[in-house]
Amino acid sequence: MAPATPSDVLRIEDLRISFEMHGHLNEVVKGVSLRVPAGRTVALVGESGSGKTVISQAIMGLLPRNGIISQGSIQFSDPLKDGKVLDIAQLPADGSKMRKLRGGRIGMIFQEPMSSLSPVHTIGSQIEEALQLHRPHPRKEARAVTEKMLGLVGFRDPPRSYERYSFELSGGLRQRAMLAMALICHPALLIADEPTTALDVTIQAQVLKLMKELQRDIGMAILLITHDLGVVANMADEVVVVYRGEVMEAGTVEDIFRRPSHPYLKALLKASPDFDMQEGERLVALRNVAPVAPTRAKRVYEGNSAPLLSVRHLRKTYGSKGGGSVLAVDDVGFDIGRGECLGLVGESGSGKTTVGNMIMRARKADSGEVVFHGEKGAVDVLGLDSHALKAFRPHMQMIFQDPVSSLSPRMTVLDIIREPMIIQGRGDANAQKQRAVELMHAVGLDPRFLNRYPHSFSGGQRQRIGIARALALDPDLIICDEPVSALDVSVQAQILNLLKDLQASLGLTYLFVSHNLAVVHYMAERIAVMARGRIVEIGPRQELFRNPAHPYTRSLLKAVPLPDLDRKLDFDVAMSGGTASDPASWPTEFRDTKDGPLRMIDLGNEHSVLAAERCTAHDIRCA
Amino acid sequence: MLRYIARRILIMIPTLLITSALIFTVMQLPPSDYFETYVAEMAAQGEKADMSRVEFLKKEYGFDKPLIERYFLWVTGFVRGDFGYSFEYEMPVSDVVGERLALTVLVSFCTILMTWIVAFPIGIYSATHQYSWADYGLTFIGLLGIAVPHFLLALIFMYFANVWFGLSIGGLMDPIYFNQPWNWAKVQSVLAHLWIPVLIIGAGGTGSMVRAIRANLLDELQKQYYVTAKAKGLPPGKALVKYPLRMSLNFFVSHIGDVLPSIVSGSELTAVVLSLQTTGPLLLRALQSQDMYLAGSFLLFLSCLTVVGVLISDILLGFLDPRIRLQGGRTK
């Protein structure tokens, strides 16, 4: 290849990186070449384990101690120094030259805004530190520059925000603080490692917009590392797809999305759910795992039209410091039909997980009613005493978000799956083991793994173990709390398909809690949207996606980045009026005013929306 | 923050009341008391105890009164600074403990100081050079320090000091200074004797401290904010001290609470072996002879120090960690 031209800020050539493990070299980056032109955005796309994060660590000189660059070059040419080229691969990682680049000329932000900031230092002091390291200012001036930067990334009251601690901020604000820290020295290159993966859609749209604006103002190039093709389509000028440490495909965003040529990229596009999927269309996982359909008889619900679960007026308040309290769940009610999947969507803090926990009796509800209509008649779930509750437990089970912490690392898979049966006294050890084997088949795992411990499994496999455990007692209803949000796209497709197959073959009923609209769209027949502890809109999937009535639902739908160049996010529309879940940004028809309380207004087709009592369906359609 | 401190102080009161009641009950539990032990001991030696004196003391200290009343006499006395009377030494408890307490505080203070000065650099080095040969070596030495009992270490020291240098290293000063008023020569003698017990008693503490610092720091070194600090361009040493080390201090500050009681107690056996004039052997003897006021007052004093120590830890933690200061008391 030709030497780096002045227009490329970064040029990586034939980069090979190995990790030393127990005396063996394990090559994780195998001859990657890519470039980042000045002022442009290049997306580095791949699943976890593809080596994309390792590449970013190598650029920053932050490889773990056992990581070795065995070959290739990382050429950084600083536009401020007339394109003088520095080979980062040759620089000592902690030398002064590299430290000047780090934070000074190359900034970085990370996936976890929660843990990326120190909780014991104010955000202002952490941001100012970066400034003082590379562009020293007198104290007062430095504070002024820092406050200006805080204002630039969207903090409302910079002087006060300077004094705040990271744990006092929401995820979105934390990521803004990280951006301020990375950009305060006006670097030539920003490396963003999954910057919005942990954020809600509306917040994600805001942060993406902010990155674009800052790029325009400061003129830096962005290396955007992500697995979300929707984000790529909306942000990138060029795309590099990596798989197992090798570049599969590279080109402009137009080339990549309109004419994907490599089978891996095509498969990746097919594995992510989007809103255009037809009824009955399946996601295609990259690697197929074929579960064996369980032989149990499917539940038949004919002649019983009552819903399986009715929730009414559920309410929960959390106490907080200084005697104040937060109304986490406010008058929530819905029905789940037999064999149905009801999706519960909302941003973090909207109360959706609390609803699931209260139905499970994992948290105490302040008031409300949960009625389960089982084969033996109606059961008042919240009124059960501890003895009756234990007997009732097998009817409802739960699948959790985090596949790592939801399985005890000290129990074998067999013990994990058997535990519910032991607690409920189902059968003897032999029968339990047999059932465990059957369940392993059902979730597509090899029963020979039963004697292993959870740490030897991948995230997707662990989630399968969690599903097997939830199925062990043959439940009627399963509450799935964000079951795929910790997983990669391709693994996500496998798990979603597995859940769908199990639902069909066993006649299961799901309450599917998620913040990901595309996932809920794929799974649920009916969807309820939660904001600020209340259900603001509920309806059949097609209705809700075609004719969203509530302003919050509308902004949610608008904020989802789609992997489609013809339907790019309209950042200005998606962002109108600050936070989308703030009632102050909604038209008066949807606000809780003194004129009268809000109620669910029927729009027809089982579609209802939360609005002022006086409104008619017509008012709302026109609002 | 003020409310937080006030609440903490209020909680101390019931804690101490319950503790004192427990100590008092334990003191009363044995079937005999000091006087019976004393009379029996005298009888065993073929002598006659002065029964009138015994009767007088029994009356003076309310042994003829009900239990509850005696408890209140004792506790209220404690508040007034009257710690009771040591029957064995035949003088007030405060006089018995007197000089010994000062010496004990001196020994313990030096020990703790040495522990921190030695443990911090080693712990930090071990954590940042995990699984290196130096780490393994230092960890091994630390484990030795934890595993070998103090009194055994003391015996070994004494033996070799005697065999190689012909020295007697016991005691905290030359015997000629016993019960002498303080002067420069006495101070010099104390300083010359001090380092041996400090070294011996500190060995175990240093070992466990190194391990704790290493473990806590290793946890923090994995955290994302440390990477952020390095990504800013901070030099490695500065990034280490400002971020992970500061965070790992929380454990250390909570530990300060335990240090306070151990300043006056702890390492009794070593003190006995080295015949140190500290409070440890005194407590041991008081428990053996059922010298109830000496033992009880001592235990209650330790409890007070523990509670105060925890209070100091909590207040320091509040200052050090804004999460505790700003989020404490929030219910989930």
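Trainee: What share of the contacts in chain A with a separation of 6 or more comes from residues 24 or more positions apart?
Mentor: Such residues account for 68% of them. Two residues are in contact if their C-beta atoms, placed from the backbone, lie within 7 Å. Keep in mind that this is a predicted model: local features need pLDDT of at least 70, side-chain atom pairs count only at pLDDT 80 or more, and totals for chains, interfaces and linings use all residues. Residues are numbered from 1 along each chain as its sequence is written, while chains are lettered from A and ligands numbered from 1 in the order in which they are written.

Trainee: What radius of gyration does chain A have?
Mentor: Chain A has 26 Å. A compact globule of 623 residues would have a value near 25 Å, so the two agree. The radius is taken over C-alpha atoms, and the globule rule is 2.2 Å times the number of residues to the power 0.38. Along the principal axes, the C-alpha atoms of chain A fill a box of roughly 80 × 65 × 50 Å. For chain B the box is roughly 80 × 60 × 40 Å.

Trainee: Which strands form the six-stranded open sheet in chain A?
Mentor: The order is β6-β7-β8-β3-β9-β10, with mixed pairing. Strands pair if DSSP finds at least two bridges between them. β6 (106-109) and β10 (246-252) stand at the edges with a single partner strand each, so one side of each is left without a neighbour in the sheet.

Trainee: How do β7 and β8 of chain A pair?
Mentor: β7 (189-193) and β8 (221-226) pair in the parallel sense over five bridges. A:Asp193 has A:Ile225 in β8(A) as its bridge partner.

Trainee: What joins β14(A) to β15(A)?
Mentor: A hairpin does, through two residues. The strands, 367-374 and 377-380, run antiparallel with four bridges. A:Phe372 stands opposite A:Val379.

Trainee: Now the interface. How many residues of each chain are in contact?
Mentor: 24 residues of chain B are in contact with 28 residues of chain A. On the chain B side, α9 (224-231), α10 (236-264) and α14 (322-327) each supply at least two residues. α9(B) gives the most, with six residues. That side divides into 10 nonpolar, six polar and eight charged residues. Here Ala, Val, Leu, Ile, Met, Phe, Trp, Tyr, Cys and Pro count as nonpolar, Asp, Glu, Lys and Arg as charged, and the others, Gly among them, as polar.

Trainee: Last one. Where does B:Ser275 lie?
Mentor: B:Ser275 is in the loop between α11 (268-273) and α12 (279-288) of chain B. B:Ser275 is partly exposed, with 13 other C-beta atoms within 10 Å.

Trainee: What does B:Ser275 touch?
Mentor: B:Gly170 and B:Gly171, not counting residues up to four places away in sequence. B:Gly171 is 104 residues from B:Ser275 in sequence, yet 5.1 Å away in space, C-alpha to C-alpha.

Definitions and conventions
Buried ≥ 20, exposed ≤ 12 C-beta atoms within 10 Å, placed from the backbone.
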